[in-house]
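Take a look at the sequence and the model, try each task yourself, and then read the solution.

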Amino acid sequence: MMVVVFASMLLAFVFGWFGPRWMAITMLAACLIASLGLFLFEVYSPEYGFRMPWIQTELEGQPMPAQGS
Amino acid sequence: MRAGTTRILAGLNYLYLLAMMAVIAGILTTAMTLQYAYGELPCPLCLLQRVALFGVCFGIMLNFRNGFSSRNTGFSLLFAIFLLVVSVRQSLLDIYPRPGHEYIGSAVLGIHMPVWSIIIALALLIAYALKLAVLGGDDHLREADARTFPIIHRLAGILSIYVIALCLINLVSVVVQCGFGQCHTFNYQLLQ
């Protein structure tokens, strides 16, 4: 997926330089959408979802379960 | 507005954009130096932050290449906001010490990379806001094309090619590090 993100960004640059401009913007939009999708995939945790309970002060003093995300 | 003033404002605008692109190119070069010279593999969110910086450069490059358009400024601002979102989230992921979570890479001037990214994203947004507030709108930029400033235009061309080359190197690097699957920070997958 990261390859798609960088490849579309490179294509956006190449089309931005040589044209056509609409193709460059299409590639840039594809890059941004793929980046957003990848970002959401990377920060999603099976245990916490998109929440971040470790920065909630109401859990202060309670033991935090070990997890990897 | 007098023609002379318009030209000065346009020149300052293009100089400002050129300086922004030079700073971003410097940041990307530093990140790649840390990766290749010091063996610090970038994490997936770190790579997305690089993409965001390339996106900001893309908007600036189009302003020099195809003539000024507010749309290009919009592209740059979109990617600057994306950079801010990704870097804030990454900082929040690692802000509370717990097993399996710590800031990746070495600190530069005592500040780790995702926190630097927040500073850079805010600096970019402030830089754009200042440009719009101090140097004004885009009327004078439409009247004076970047090509009418030969030195700035030539430097912008060289810098744009440099940024495109950086993007190409990053693409190759990502293929070697991640293959066509998920990225990890353990090693370069294709060099196993």
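**Exercise 1.** This is a predicted model. Which elements of chain A and chain B do the buried residues of α1(A) pack against?

Solution. Start by finding the buried residues themselves: A:Met2, A:Val5, A:Phe6, A:Ser8, A:Met9, A:Ala12, A:Phe13 and A:Gly16. Viewed down the axis of α1(A), these buried residues fall within an arc of 160 degrees, so they line one face of the helix. Now look at the partners: in chain A they pack against α2 (21-43), and in chain B against α2 (44-65) and α6 (150-178).

**Exercise 2.** Work out what span helix α1 of chain A should have, and check it against the model.

Solution. Helix α1 covers residues 2-18, which makes 17 residues. At 1.5 Å a residue, counting one less than the number of residues, the helix should span 24 Å. Its end C-alpha atoms are 24 Å apart, which agrees.

**Exercise 3.** Describe the side of chain A that touches chain B.

Solution. First, count: 27 residues of chain A are in contact with 33 residues of chain B. Next, find the elements of chain A that give two or more residues to this side: α1 and α2. Of these, α1(A) gives the most, with 11 residues. Finally, sort by kind: 21 are nonpolar, 4 polar and 2 charged.

Methods: Residues are numbered from 1 along each chain as its sequence is written. Chains are lettered from A and ligands numbered from 1 in the order in which they are written. This is a predicted model: local features need pLDDT of at least 70, side-chain atom pairs count only at pLDDT 80 or more; totals for chains, interfaces and linings use all residues. Helices (H or I, at least four residues) and strands (E, at least two) are DSSP runs, numbered from the N terminus. A residue is buried if 20 or more other C-beta atoms lie within 10 Å of its own, exposed if 12 or fewer, and partly exposed in between; C-beta atoms are placed from the backbone. The arc is that of the directions from the helix axis to the C-beta atoms. Two residues are in contact if their C-beta atoms, placed from the backbone, lie within 7 Å. Ala, Val, Leu, Ile, Met, Phe, Trp, Tyr, Cys and Pro count as nonpolar, Asp, Glu, Lys and Arg as charged, and the others, Gly among them, as polar.
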